[in-house]
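Dear colleague,

Please find the structure below, handed over for your reference.

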Amino acid sequence: MLLNSVIIILREVLEAAILVSVMLSLSHYFNISLSWLKWAVGLGVGFALLYADNIASISNWFEGVGQEVVNASLQYLIYLLLAGFCIQFINKPSLIPLSLQTTRWVIAISISLSMVREFSEIFIYLHVFPADSPQFTGVMTGAFLGVGIGLSIGIILYHFLNYLSDKWSFRMTIVILSFIAAGMLSQATQLLIQADWLPSQHPLWDTSAWIFERSVVGQLLYAVFGYEATPSLMQVIFYFVGLFIILFFIIKESLLNRREHQINKPNQFL
Amino acid sequence: MIKLKTLLLLVIFFSSAASAAPPVVEIKIRNHLFYPSTVSVPASTKVKLLVINEDNTSEEFESYELNREKVIMGKQKAVIFIGPLAPGEYLFFGEFYPQTAQGKVIARQD
């Protein structure tokens, strides 16, 4: 029970931790204050509790697929926020038209939306084992371990991204963020296929012999790159179209910036 | 005008074909076990799983092979569409009680 609890909690915390780490690293690089963090966690936890409390009735919406529709909507929205963010932030701070306030809200909202889905599942799981149940100790110990491991991985990623930004380019972090965004699209698409709102097909390939989704590597790749061992055609299409849209605009913005590099604007983020 | 009538007939024909409902398979959760634990479905067909949680506590129906994941609260039913599946066996489990809640879907070519 303990090991199971570790895995369940770790999976959910990992997804949130990775996105938070990426945003923390970019905030560090662009000198954006971290006031968004308290909003992200506060709103995320608050709405996750609200969602978990009402999951029974939400599940009955749309003829029994309310959960899938709501989760997919959250993820499509996160994709749009992250895509917009990537495209804005591919250039140096002095050239970004977005205000500091708006930027912090975009970060806070995208993170809190992802936390709603992830943390609500944690709350639902923990609710199954109240204090008087025999598995309570094992489950709670596992939960603390899972949170600890997830946070540790997040911290390692944060320092790694800072290192990349210093030694190479912050644009690597933006590219990683675009993969995370594409992964959201793929997950959302899978949910709508599960709900029969999108057509279902045979899986396009099966790489579970190489990297099994249930393995540690598989879970990490899933959290960062949206790795699926048996994706359907629709998922693959959404993933790569979503990724290419961001990369196209990133490259376009980068090239435009290079042509206009003589323009000097005051750095609004300092 | 003739083109419009043809189009209308085609729409009616295809929508009636599309509305042919997928087969429904029921799986119950009782005392953190799946009943039945082995389920047969036709291969290459979309299938609607109706998972009925008869326990008081919630469970999460999950399958890596089927790419499906859904939380089902206590005393609730859940609709999960699977397929089309190539012939073979696809494992599923209850994530909250994985030691006992295990099952498989067998897709058979008819």
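In chain A, helix α5(A) meets helix α8(A) through A:E68, A:N71, A:A72, A:Q75, A:Y76, A:I78, A:Y79, A:L82, A:A83 and A:C86 on the α5(A) side. On the α8(A) side the residues are A:I174, A:L177, A:S178, A:I180, A:A181, A:M184, A:L185, A:Q187, A:A188, A:L191, A:L192 and A:Q194. Two residues are in contact here if their C-beta atoms, placed from the backbone, lie within 7 Å. The residues of this contact divide into 16 nonpolar, five polar and one charged. In that division, Ala, Val, Leu, Ile, Met, Phe, Trp, Tyr, Cys and Pro count as nonpolar, Asp, Glu, Lys and Arg as charged, and the others, Gly among them, as polar.

Please note that this is a predicted model, in which local features need pLDDT of at least 70 and side-chain atom pairs count only at pLDDT 80 or more, while totals for chains, interfaces and linings use all residues. Residues are numbered from 1 along each chain as its sequence is written, and chains are lettered from A and ligands numbered from 1 in the order in which they are written. Helices (H or I, at least four residues) and strands (E, at least two) are DSSP runs, numbered from the N terminus.

Helix α5 spans residues 66-88 of chain A and helix α8 spans residues 171-194 of chain A; their axes come within 8 Å and cross at roughly 160°. This makes α5(A) roughly antiparallel to α8(A). Axes are lines fitted to C-alpha atoms, for helices over the stretch in contact, and angles run from 0 to 180 degrees between N-to-C directions. Angles under 35 degrees count as roughly parallel, over 145 as roughly antiparallel, 65 to 115 as roughly perpendicular and the rest as oblique. The crossing of α5(A) with α8(A) is left-handed; that is the term if the near helix is turned anticlockwise from the far one by less than a right angle, and right-handed if clockwise.

Helix α5(A) also packs against helix α10 (residues 233-259) of chain A, at an angle of about 20° and with the axes 9 Å apart. The two helices, α5(A) and α10(A), are therefore roughly parallel to each other, and α5(A) passes α10(A) in a right-handed crossing. From α5(A) this contact draws on A:Y79, A:A83, A:C86 and A:I87, and from α10(A) on A:G242, A:I245, A:I246, A:F249, A:I250 and A:E253. Eight of these residues are nonpolar, one is polar and one is charged.

Of the 110 residues in chain B, 36% are buried. A residue is buried if 20 or more other C-beta atoms lie within 10 Å of its own, exposed if 12 or fewer, and partly exposed in between, with C-beta atoms placed from the backbone.

An open sheet of four strands in chain B has the order β2-β1-β4-β7, with mixed pairing. Strands β2 (33-35) and β7 of chain B stand at the edges, each with a single partner strand, so one side of each is left without a neighbour in the sheet. Strand β4 (residues 47-53) of chain B pairs with β7(B) in the antiparallel sense over six bridges; two strands pair if DSSP finds at least two bridges between them. Within this pairing, B:V47 stands opposite B:I82 in β7(B).

The contact between the chains takes 22 residues from chain A and 20 residues from chain B. On the chain B side, β6 (68-72) and β7 (77-82) each supply at least two residues, and β7(B) gives the most, with four residues. The chain B side divides into eleven nonpolar, five polar and four charged residues.

Some backbone details may also be of use. Cis peptide bonds join B:Y35 and B:P36, with omega about -5°, and B:G83 and B:P84, with omega about 0°. B:P36 is in the loop between β2 and β3 (38-42) of chain B, whereas B:P84 lies in the loop between β7 and β8 (88-94) of chain B. A:N31 has a positive phi of about 60° although it is not a glycine, and A:N31 is exposed, with 11 other C-beta atoms within 10 Å. Phi of B:N67 is likewise positive, near 60°, but B:N67 is buried, with 21 other C-beta atoms within 10 Å.

With kind regards
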